[in-house]
Amino acid sequence: VGFLLVRDNDLAAGILLLEQALAQAQRADDPVEAAACCAYLAQAYCWSAAFERSWEVSLLRETYTRACPQPHQQSYVYTWLAFLSVLRGAWGEAEAYLALAEPAVTCVVSLEPRAFFQQVRGFLAFQQSDYRQAERELRAGIDIFRGQDPSELLLCLGLFGLALAANGKHREARACIAEQESLGETLA
């Protein structure tokens, strides 16, 4: 329920419920549930621009993920830490987390963790002004999302459009913006 509230843009109420759920999971010594709560909290804090708290919760998630080896959790935790590292400008740290993430991403059946991994690699390349690499990585992630979860495109197309524009592909960048706008109109 907490994450549903977060997704419905009631961040404060959602975060409160998620923090309560995390505390319950910790009291019950349930690392699987605690890792899931941390995953939702990390996103919620990031979306509310509380990046330091997102980082703290993500490190806690890493601890719980190691205690309950679930491929799904492992396929995301290091990619998320890499994403937060890019936001912090810690590029070497981001690369180290991506190196930890890659084996886990390749072990799960779902392609969505791979798509997110590609997006974060593209984000890192973009921040480092390697726009060609950024375009390749972002395109690879978007191609996966198109076949798996088109709703994720709304979050990914903006940066992809910037990478296209940085590479002088203005027509493709405008098409990217138009697609993002069209997807945005489908939302409630």
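The axes of helix α3 (residues 31–47) and helix α4 come within 8 Å and cross at roughly 160 degrees. Helix α3 is therefore roughly antiparallel to α4, a term for angles over 145 degrees. Axes are lines fitted to C-alpha atoms over the stretch in contact, with angles running from 0 to 180 degrees between N-to-C directions. The residues of the contact of α3 with α4 comprise 14 nonpolar, three polar and two charged.

The model is predicted: local features need pLDDT of at least 70 and side-chain atom pairs pLDDT 80 or more, while totals for chains, interfaces and linings use all residues. Residues are numbered from 1 along each chain, and side-chain values use heavy atoms, without hydrogens and water.

Helix α8 (residues 131–148) packs with helix α9 (residues 153–166). Helix α8 is roughly antiparallel to α9, and the residues of their contact include Leu138 and Phe145 in α8 and Leu157 and Phe160 in α9. The residues of this contact of α8 with α9 divide into 13 nonpolar, no polar and three charged.

| Helix pair | Angle between axes | Distance between axes |
|---|---|---|
| α3 and α4 | roughly 160 degrees | within 8 Å |
| α8 and α9 | about 150 degrees | 9 Å |

Helix α4 spans residues 51–67 and holds Glu56. Glu56 and Ala21 lie 35 residues apart in sequence and 17 Å apart in space, C-alpha to C-alpha.

Conventions:
Helix = DSSP H or I, 4+ residues; strand = E, 2+ residues; numbered from the N terminus. Parallel < 35°, antiparallel > 145°, perpendicular 65-115°, else oblique. Contact = heavy atoms within 4.5 Å. Nonpolar A, V, L, I, M, F, W, Y, C, P; charged D, E, K, R; others polar.
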